[in-house]
Amino acid sequence: MRRAAAPIPLLLLLVAGGPAAAASLDGIWGVAQGDAVNCSGTNVVVLRDGHYTKAQLDLGTTKGLRDVVIGTAAYSFDGVRLVVAPSLSLSRPEPRQVFDWDPVGQVLVRVEPAPRLTYRRCPDRPLRPLDD
């Protein structure tokens, strides 16, 4: 019986937070419009390995469809709340952003700064930066 109890704390650690929880947020997130999500031609959030990127996807160029990176920052995630550090974007400084993670609904809800926005997953793919 004692041997079976040892893996349970490890399992709880992985479920509650840490790298396993952050990995579940990795991907591209667009602003929800009801049950739909806007994933191209507008700003989206890209979360990968602790890095936040604000980008516009699939803009037409002479090289085909490309993505414009607007800003980048580091983020932290504690299993429930995602906090994006203040950053510089193409147009202005961006304040700290705070998102609440709803694992059941699979949505990120931006609670700071106003306005409150809901983000849903977009199809994931690598970024194709404009400068490549």
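The model is predicted. Arg 110 and Val 111 both belong to strand 10, and a search of the whole structure finds 2 aromatic pairs. Phe 99 connects the two topics: Phe 99 is in contact with Arg 110, is touched by Val 111, and forms a ring pair with Tyr 119.

**Arg 110**

- Arg 110 lies in strand 10, which spans residues 107-112.
- Although buried, Arg 110 has no salt bridge. The nearest side chain of opposite charge belongs to Glu 94, at a distance of 6.3 Å; this pair does not count as a salt bridge because the criterion requires a side-chain nitrogen of Lys or Arg within 4 Å of a carboxyl oxygen of Asp or Glu.
- The side chain of Arg 110 does reach a backbone atom, namely the oxygen of Pro 115, at 3.0 Å.
- With neighbours within four places in sequence left aside, the contacts of Arg 110 are Gln 97, Val 98, Phe 99, Pro 115, Arg 116, Leu 117 and Tyr 119.

**Val 111**

- Val 111 is also placed in strand 10. Its relative accessibility is 24%, so Val 111 counts as partly exposed.
- In sequence, Val 111 and Phe 99 are separated by 12 residues, while their C-alpha atoms are 5.6 Å apart in space.
- When residues up to four places away in sequence are not counted, Val 111 touches Arg 81, Val 98, Phe 99, Asp 100 and Arg 116.

**Aromatic pairs**

- The structure as a whole contains 2 aromatic pairs. In one of them, the ring centres of Trp 29 and Trp 101 are 5.8 Å apart and the planes stand at 90 degrees, so the arrangement is edge-to-face.
- This pair links distant parts of the chain, with Trp 29 in strand 1 (residues 27-33) and Trp 101 in strand 9 (residues 97-102), 72 residues apart.
- Trp 29 counts as buried because its relative accessibility is 0%. Trp 101 is likewise buried, with a relative accessible area of 10%.
- Phe 99 and Tyr 119 also form a pair: their ring centres are 5.7 Å apart and their planes meet at 70 degrees, so this pair is edge-to-face.
- Distant parts of the chain are linked here as well, since Phe 99 is in strand 9 and Tyr 119 in strand 11 (residues 117-121), 20 residues apart.

Technical notes: Residues numbered from 1 in each chain as written. Predicted model: local features only at pLDDT ≥ 70, side-chain atom pairs only at ≥ 80, totals over all residues. Heavy atoms only, no water. Helix = DSSP H or I, 4+ residues; strand = E, 2+ residues; numbered from the N terminus. Buried < 20%, exposed > 50% of the residue type's maximum accessible area, 1.4 Å probe, protein only. Lys, Arg positive; Asp, Glu negative; His and termini not counted. Polar contact = N/O pair within 3.5 Å; in protein donor to acceptor, adjacent residues only side chain to side chain. Contact = heavy atoms within 4.5 Å. Phe/Tyr/Trp six-rings, centres within 6.5 Å; stacked < 30°, edge-to-face > 60°.
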